[in-house]
Amino acid sequence: MCEINVFKSVTKPLRFMFAIVLIAACSVSTRASAAPPSVTTVSPRGIMPGQTSELTLGGSNLAGVTQLWTTWGSAEPVKAEDGSLQFSIQLPSETPLGLHALRVISPGGASDLQLIVVDDLASVAEAQGNNSPESSQAITTPCAIDGHVDNLSRDFFKFEAAAGQQLSFEVLARRLGSPLDPSIFLYDQQGHELAYSDDAEGLSGDCQLCYSFETAGSYVVEVRDIRYAGGGGHFYRLRIGDFPCINVPVPMGVQRGTQARIDFAGMSAVDANPAHVFVPTDWPHAWHSVSTRRADGVSSAFTFVAIGDSKEFLEREPNNTTPQANTVALGTQFNGRFNEPGDVDRFTFVATKGQRFVFKGVTRTQAAPTDLVLELYDASGKQVGRVDDAGTAEGTLDHTFAADGQYTLAASNLIQQGGELYAYRIEVQPFQAGFDLAVSADHVNIPAGGVGQVTVNVTRRGHNGPIQLVIEGLPEDWSALPTIVGTGMNSGVLTVQAPSDATTANVLDNIAVIGTATIGETEVRETATLNNSLRARWNQVSVLPRNVSLAFTAAAEPAPPFSLTIEPAEVVLGQHLKTTVKVLASRGENIDGAIELAAILDKTAFPPEATLKLQPIPAGTNEITLELAAGAKTPMGPFTVVLKGTHKKDKATHTAIAAPVNYRIEQQLTMTSDPGERLLKREGELRVKVDVARNPALSGGIKLTVDKLPAGVTAAEVVIPADQSTGELVLMATTAAAAGEFADAVVKATAVDVEQVTTTSPLGMIKIE
């Protein structure tokens, strides 16, 4: 048994940061044959704090698994058989209730994340043959049932209830990553339907209901997919107990360094005990777990509250009209609830001309079903801004105040619904140009001695320039290779190189994918999240557990039979110019065929008009030279592209990732002229020295000409040879040249071999005598 004790107190910073896992391997032959593990079943789907739980995982490639990684700690397997693993886990009683995540680690790498619940309800396994009311499985409440629905099937459970007893029923399926679209039905002994729930508001398609039983007796609850779909992957956890049915806390945010009373919003939350949360000033996370019970209750409901550095304000009724508006300071975060249908909450504040603030609604991503509308009015009552939702997210109102004065923000529900369920939060921040980052997968497996890659997607906010990507916290012998998301681009490929002897079996905390950019005089820094990739994997679930959003992992996997490198590490070119990079292959046994090369991200890998002519590394050779070109619309600055090599022979396919191709688009040609005295006499000549600096990708001669000379003055064309950088222009004046000063003449430099490459420079003041 492995005892895990990472939570000494609920207020201590929790270890929910990025991690990289280094995997031990027994031998070279073991590494070569290992494949990444895959976990498809978790039983039970919930474990209780303060108790020892036996956890069984099923899947594929589980042989050799060395440990279980979770958001609460780690454990080693105690038993492995028949494609399954067993772990014995003892959680401290202080472990926060709610959704957590786990994955397994083996010599083949790391598995995808799976979700699990830390729950104070005891788990009961679904029994076989409970597919009709007559064969209902008998259960004793309170409990949580872990089961799955077969195709065209239904699951039934029988229980006893006392007269006047109130019970809550909640299915966690979509919120656990299951494809099941659950619905629940409650029946009496005669089979009469008493209650029904499908797609409870705000719960990502999961269902929830609360019911008070008038008479004592036996009752039946049914779980099924609303479309009668099913199969082994359609799992669920049915919670039955006296917990309140909640969605979100009220307020939905708490300021660091403060203590707050937290009430709750939900379909049955009026009698939920308030939670009292103290958040230290050094709390490292943007969230905090909270839970609640009814008075004398024995089972809990759980959620999380957002944590920030700004003050939080909870609206006070009445505030439906402008004269009743709550007075707040601009920059305070607004929290509230629409208690009645048609309710409007108004907040009044003073703003200064030129201030630019962003008002962002937060509801559905935190499980509130509110469809928030924000309207901004000036002191005269004129509407100066309005925003509704932005797809599946709430809207963002970005406003620059045109004048000093008092303004009012009105918040309402688009479809005018109201009640205990309809809470909201409005984040109010000064505008800061920047970006958000999201990794495309929850882990990356890196070959020992090779390179692994993960795509990082960028959402830009007023910054169109380059963003540098790194992974912080890597061991000294691991390295995140230089990666730039170039100007105007919205994705990049971050690569990590592992040492050839990557055999350390431990988990390293505080590993993070970081993006940095200099915007004006400010260094902006952001941490990438997993949110987009997890939503894509988990049926577009709207509410993600916040302790999972940063649970990115990198792990060592067996070395591939070939590897790729790039020479040189960086190249420079300019618009209309070309250069070359060399891809070198180190071949292992049986890797003797052609190696096909492709750019990761394919068509979005390059900025406008930039191209890399890809060719395979021919069979029997170890290198290929590729041409990289930039066009007229390729923006200036640094860029990165990552190549993937594929080798196929017989039925075997092997791939390898190359180190990144880093390239920089710079000025093609610059020119300076001798700033000496500019005196030109009639029937005389003036010699002007001109220096040129070529882009590394530009070779060949440079032609110099002079335009806009006055009448009577000429200058012969000069060509600076390819191996030189200085030329001399000779200006000659005839007797017809007018005396005086002129400053309109312009020197033009043109690349002989690339006519599109030109630059100009004023010749300066010239005096004719």
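**Exercise 1.** Decide whether Phe347 is buried or exposed.

*Solution.* Take the cut-offs: buried means under 20% relative accessible area, exposed over 50%, partly exposed in between (1.4 Å probe, protein chains only). Phe347 has a relative accessible area of 0%, so Phe347 is buried. Phe313, at 12% relative accessibility, also counts as buried.

The model is predicted: local features need pLDDT of at least 70, side-chain atom pairs count only at pLDDT 80 or more, and totals for chains, interfaces and linings use all residues. Residues are numbered from 1 along each chain as its sequence is written, and side-chain values use heavy atoms, leaving out hydrogens and water.

**Exercise 2.** Find how many aromatic pairs the whole structure holds, and classify the pair Phe313 and Phe347.

*Solution.* Rings of Phe, Tyr and Trp (its six-membered ring) pair if their centres lie within 6.5 Å; planes under 30 degrees apart count as stacked, over 60 as edge-to-face and the rest as tilted. The search finds 14 aromatic pairs. For Phe313 and Phe347 the centres are 6.3 Å apart and the planes stand at 85°, so this pair is edge-to-face. Phe313 lies in strand E29 (residues 312–314) and Phe347 in strand E32 (residues 344–351), 34 residues apart. Strands (E, at least two residues) are DSSP runs, numbered from the N terminus.

**Exercise 3.** Classify the pair Phe349 and Phe401.

*Solution.* With ring centres 6.1 Å apart and planes at 80°, the pair is edge-to-face. Phe349 lies in strand E32, and Phe401 in the loop between strand E36 (396–400) and strand E37 (405–413). Phe349 counts as buried at 1% relative accessibility, and Phe401 at 2%.

Methods. Helix = DSSP H or I, 4+ residues; strand = E, 2+ residues; numbered from the N terminus.
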